[in-house]
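Subject: A structure for you to explore

Hi there,

Here is the structure I promised to pass on to you. Please open it and have a look around before you read my notes.

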Amino acid sequence: MAGEPTVLSAGPDAVGVTIYRAPDRDADTAMNLNWLEGYALITETRTVEIPAGAATIRFEGVAGGILPESALVAGLPSGVREKNLDADLLSARNLYARAYGRPVILRRQRGKDGKGTLTEERAVIRSAPDGAAIVQTKEGFEIADCGRGISDALVYTEMPEGLSAKPTLSVRTESTAAQRATITLSYLAWGFDWQTNYVVRLNPATGKADMMAWVTLASSDPTSFVDAGTAVVGGKLDREDAREDQQEQDGELVLHCYLRPQVPAPMVAPPPPPPAPAPVMMMEAADIVVTAQRRANIMQAAPIKVTEEGLGDLKLYRVPIPTTVAANAQKQVAMHELKAVKFKTWHTADLWPSMDGNAVIKLRTRNRKEDGLGVALPGGPVAVFEPHGGDLLLVGQGGMRDYAVDEDVEVTLGTSPQVHVAVTETGSGKNWTDYEAKVSNANPWSVTFEGNVRLGDGEKLERPSTQLTRKFGRPTWTVSVPTEGEAILRYRVTDPN
């Protein structure tokens, strides 16, 4: 309010960042680093000098993706009367948009490779930040940087009102006396995500594997959180947010050398008087994409490991030492380093009538200590390597969902070019059909195959040529297929309908 003192809190004394996985992304699907849909709970501790009476406190350096409705402020003498978010950040796009109708300097380079003349003249921006950059000079209207052997750049002589260099949350409060207060500011912020990445190193000689798990933290926020107490939450927490349906805003400015027919002619007004001298801010040429946020793919191998804690029905994994969650970046922290995990390789397929294709390769184990695991395994991408001579080669990539302790673990690695499966019809009669399922193994070693016989509604399987088990309610054929050999299952399907 007018006349109220304003108190600036330039940054937190301490900060904690807890990242939640994107609610609509499957655990075994990699993050989209260009559009992060997870969120974080940010908790900041700040020391503020509060004057007597009504005042506005400005918290600078909060997350750019803050959800202001979620902000909680604890420690103010009389609580919060009003919250406001200064959402228009300084960026190439916002700077151009706010400069509409205002004077700038048009810096013009004639000739190539900087060998021509350089001139400057006053101009006024007469277009929005989409499409062509229309400017008005003493010669009239023109489109900046539109060829003709001329390179143009816009120089801004003042900062337009309403732009902030840092995301800022302001609150109004009132105190009966001046005092210093320690305030806790907590809020949710959009534009974060995390995932687990697994690297499995198989040893065919022992039938075991070493497995390394990494936590990958990702942020698309313009604010960095330095030396933060960092944690991630495993499991899915249901949450709805209107921002998930909005388009990404990244501060880019893209100007083109053409006009859109639907844009009406701008209202022409006399140029305002020259502004007072101010620091000059130089922007790139009009035909160059000016990006306010630049993503740095920083992959940091940390010498520490996250620790696991319970959080209701979820799992919380805490980084034991402060770590920096950098703006527009990602980093990795070690999670698990597991030795001699007992993995088994399986080839599987669904046995439908007329099925003809390759089997799917899967790794299976049980999440228990006696099999080398016994820890919560958040879902994520998996890369599997095997030694080949003196090299370590990639043999498959897949993903796995979240697994709790004592659950059966399954990792799908893709199809096998060496194991082929075909189901053919061998006879039929009234309400019955006979089938033969054949598995061919071209590998120079035997493989374990598991086939799920798929039946339609009301159908029953009869007369199998070998004993079958049931898995997930379906008849299941499990067989060892010999080296460069084959295995055959014959069965009858009856349909009383």
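This is a predicted model: local features need pLDDT of at least 70, side-chain atom pairs count only at pLDDT 80 or more; totals for chains, interfaces and linings use all residues.

The largest nonpolar core is made of 57 residues. Val17, Tyr187 and Phe225 have the most contacts inside it. Strand β14, residues 179–203, supplies the largest share of this core, with ten residues. There is also a second, separate core of 22 residues, and among its members are Leu351, Val421, Ala487 and Tyr491.

Setting aside neighbours within four places in sequence, its contacts include Ala40, Leu41 and Ile42. Val17 also touches Phe225, Ala228, Gly229, Thr230, Ala231 and Val325.

Two residues sit between the strands, and Gly389 has a positive phi near 65 degrees.

Which residues have a positive phi although they are not glycines? Asn431 is one, at about 65 degrees, and Phe472 is another, at about 55 degrees. Asn431 is in the loop between β27 and β28, while Phe472 is in the loop between β31 and β32. Are they buried or exposed? Asn431 is partly exposed, with a relative accessible area of 40%, and Phe472 is exposed, at 74%.

Happy exploring!

Methods
Residues are numbered from 1 along each chain as its sequence is written. Side-chain values use heavy atoms; hydrogens and water are left out. A nonpolar core is a set of buried Ala, Val, Leu, Ile, Met, Phe, Trp, Tyr and Cys residues joined through side-chain atoms within 4.5 Å. Buried means under 20% relative accessible area, exposed over 50%, partly exposed in between (1.4 Å probe, protein chains only). Helices (H or I, at least four residues) and strands (E, at least two) are DSSP runs, numbered from the N terminus. Contact means heavy atoms within 4.5 Å. Two strands pair if DSSP finds at least two bridges between them.
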